[in-house]
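Please examine the sequence and the three-dimensional structure shown below.

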Amino acid sequence: MKRLQLLENWIAQQFPEKSFTLQPASADASFRRYYRVTLGDETLIAMDAPPPHEDCAPFVQVAQLLAGTAHVPVVQASDMKRGFLLLSDLGDLTYLQALTDRPENAKALYADATRALIDMQLIVPLDGMPVYDENLLRYELNLFPEWYVARHLQIDLTANQKTVLEQTFGRILQNNLSQPRVFVHRDYHSRNLMVTTPNPGILDFQDAVLGPITYDLVSLLKDAYICWDETHILDWAIRYWEGARRAGLSVSSDFGNFYRDFEWMGVQRHIKVLGIFARLAYRDGKQSYLNDMPLVMTYLRKACERYQELRPFLKLLDELDNNESSDERVGYTF
């Protein structure tokens, strides 16, 4: 309540001659909160990013980088010290809601999202942007044994299982780090894309990095919150690949090689997401993310089934699943 009162006082200072109302707009997986500010016929979005948990500076910097290339919120006012931003309002219709209500519009919406992604990936130079390097990629992978295995499943890995995990992580990182580097949004999916004019509106880009070219495409097409047939995913991936080649991006000239990179990048992301969802549930009390785990695990398993080098990890997933099932049969609870 104290933060909300501070935010209201700050907004009042920005508009001393106007009355306004403040309503929750959305919350995300971090400590940030968003409110819709209504001033007569105009609406804005207020971001509350409480220090020291959050830093507004990356959001402002990336918004400036993307301005003119992508449809992103415009920063209207800021109080960096207290963690407040006033942003232009991109509406309240997410891709997730639009695709759930009207799945027949998927082709057009994904075509727009793909074009926007290619435009962002063409941005140069990217001097000073954080790099999606081995340390960051490995840190994300390690969320899986720490939070998904140890905390969610409450399983202690054997020495052999730890070896399999480490060898798998090494193979994944080798692939990821060999891919061309471009602008990476890091959460380019249906909850962060808005149906707007021009389409799409893009949110939640503050964690952007310079990283593997297939990362955002995996986020978009193998979305943790909405599922498509693999035929659709393959078709949209081909359309991206064709567009990226025409635009001069450094994608492989062979689609088979490109799609392998896409899938291996997906393995990294899905391992990471399982760890993050478990952490959100058990550390932050956001239990709803547990409901999104099965789809993420399905993506992970299907990719591992297709590549011989990932079969040992698939076997490990089977062992973890069998262990969990056995525990449930004897009345084990978390």
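The explanation begins with the model itself and then turns to strands and helices.

This is a predicted model, in which local features need pLDDT of at least 70, side-chain atom pairs count only at pLDDT 80 or more, and totals for chains, interfaces and linings use all residues. Residues are numbered from 1 along each chain as its sequence is written, and side-chain values use heavy atoms, with hydrogens and water left out. The term pLDDT denotes the predictor's confidence in each residue, from 0 to 100. The protein has an average pLDDT of 93, and 96% of the residues score at least 70. Over residues 326-334, however, pLDDT stays under 50. For that stretch the model has six contacts beyond four places in sequence, a contact being heavy atoms within 4.5 Å.

Consider next the strands. Helices (H or I, at least four residues) and strands (E, at least two) are DSSP runs, numbered from the N terminus. Two strands pair if DSSP finds at least two bridges between them. Strand β2 (residues 33-39) pairs with β3 in the antiparallel sense, over seven bridges. Within this pairing, T38 stands opposite T43 in β3. The hairpin of β2 and β3 has two residues between the strands, and G40 takes a positive phi near 65° there. Strand β3 also pairs with strand β5 (residues 84-88), in the antiparallel sense and over five bridges; L44 has S88 in β5 as its bridge partner.

How many residues of strand β3 (residues 42-48) are buried? Five of its seven residues are buried, and the strand is thus mostly covered. Here buried means under 20% relative accessible area, exposed over 50%, and partly exposed in between (1.4 Å probe, protein chains only).

The helices follow. In helix α6 (residues 143-153), the buried residues are L143, F144, W147, Y148, V149, H152 and L153. These lie on the same side of α6 because they cover an arc of only 165° around the axis; the arc is that of the directions from the helix axis to the C-beta atoms. Just after α6, Q154 takes a positive phi of about 55°.

Helix α10 (residues 255-282) contains H270. Why does H270 count as buried? H270 counts as buried because its relative accessibility is 3%. Not counting residues up to four places away in sequence, H270 touches V218, K222, V296, Y299 and L300.
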